Amino acid sequence: TDEGAVPYDWEKVGGGTTSAVTYDANQVYPDTYSFALYDPTTVDGINLSKKFEDKTGKIVFSTRFIITTKGDDSEISIGNGKQNAITVKTSKNNFVMGNGTVLRENYRENLWYTLKIVADIPAKKADVYFVFVKHSSF
């Protein structure tokens, strides 16, 4: 992992001149590197995306993230490049799914959160886990 760069096969779109891989010696290996999205002057937002080949069967997406300053419209979404299938965003100090399900009320700044999605593509079903608790199935 190159500190100060965008990870291999990921793409950063938008502002964020200081957005890059950062090293945090206070974390436990292997979680010592993370990607920080930051640009206080950005109006349209910053996106970090990764494209995957078409998948079949069951897939698992898992990520850890931290939000250092509360605000609306920070978002994690999974989709096919044209349409989001699952979205989790900040809204009114809560983490909320695109379908309106509240995952966490009054989230805290500077606290690591986990999001895990287990999707069964042929069955068109998915389970969403937030901080290791199953919150939604659809």
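Contact means that heavy atoms lie within 4.5 Å of each other. By this rule, residues 24 or more positions apart account for 42% of the contacts in the chain with a separation of 6 or more. The legends below describe a predicted model, in which local features need pLDDT of at least 70 and side-chain atom pairs count only at pLDDT 80 or more, while totals for chains, interfaces and linings use all residues. Residues are numbered from 1 along each chain as its sequence is written, and side-chain values use heavy atoms, with hydrogens and water left out.

**Figure 1. The whole chain has 12 strands and zero helices.** Helices (H or I, at least four residues) and strands (E, at least two) are DSSP runs, numbered from the N terminus. Along the sequence the pattern reads β-β-β-β-β-β-β-β-β-β-β-β. Buried residues (under 20% relative accessible area; exposed is over 50%, partly exposed in between; 1.4 Å probe, protein chains only) make up 20% of the 138 residues. The chain exposes about 9,900 Å², and carbon and sulfur atoms supply 48% of this area. Accessible areas come from the Shrake-Rupley method with a 1.4 Å probe; for residues, only the protein chains shown count as cover.

Figure 2. The score is pLDDT, the predictor's confidence in each residue, from 0 to 100. Its mean over the chain is 80, and 86% of the residues reach 70 or more.

**Figure 3. Four strands form an open sheet in the order S6-S7-S8-S9.** The pairing is antiparallel; two strands pair if DSSP finds at least two bridges between them. Strands of a sheet pair through backbone hydrogen bonds, either parallel or antiparallel. Strands S6 (75-79) and S9 (102-104) stand at the edges with a single partner strand each, so one side of each has no neighbour in the sheet. Neighbouring strands of this sheet are turned by 20° against each other on average, direction ignored. These angles use axes that are lines fitted to C-alpha atoms, for helices over the stretch in contact, and run from 0 to 180 degrees between N-to-C directions. S8 and S9 are joined by two bridges in the antiparallel sense; Phe 95 has Arg 104 in S9 as its bridge partner.

**Figure 4. Thr 90 sits in strand S7 (residues 84-91).** Thr 90 counts as buried because its relative accessibility is 0%. Leaving out residues up to four places away in sequence, Thr 90 touches Ile 67, Gly 71, Asp 72, Asp 73, Ser 74, Phe 95 and Tyr 107.

**Figure 5. Strands S11 and S12 form a hairpin with two residues between them.** S11 (residues 125-130) and S12 (residues 133-137) pair in the antiparallel sense over four bridges. Val 128 has Ser 136 in S12 as its bridge partner. In this hairpin, Val 131 takes a positive phi near 50°. Val 131 is also among the residues touched by Thr 114, which belongs to strand S10 (residues 113-120). Thr 114 is buried, at 14% relative accessible area.

**Figure 6. Asp 127 and Lys 134 meet in a salt bridge.** A salt bridge is a side-chain nitrogen of Lys or Arg within 4 Å of a carboxyl oxygen of Asp or Glu. The structure holds one, and its N to O distance is 3.7 Å. Asp 127 is partly exposed at 22% relative accessibility, and Lys 134 is partly exposed at 46%.
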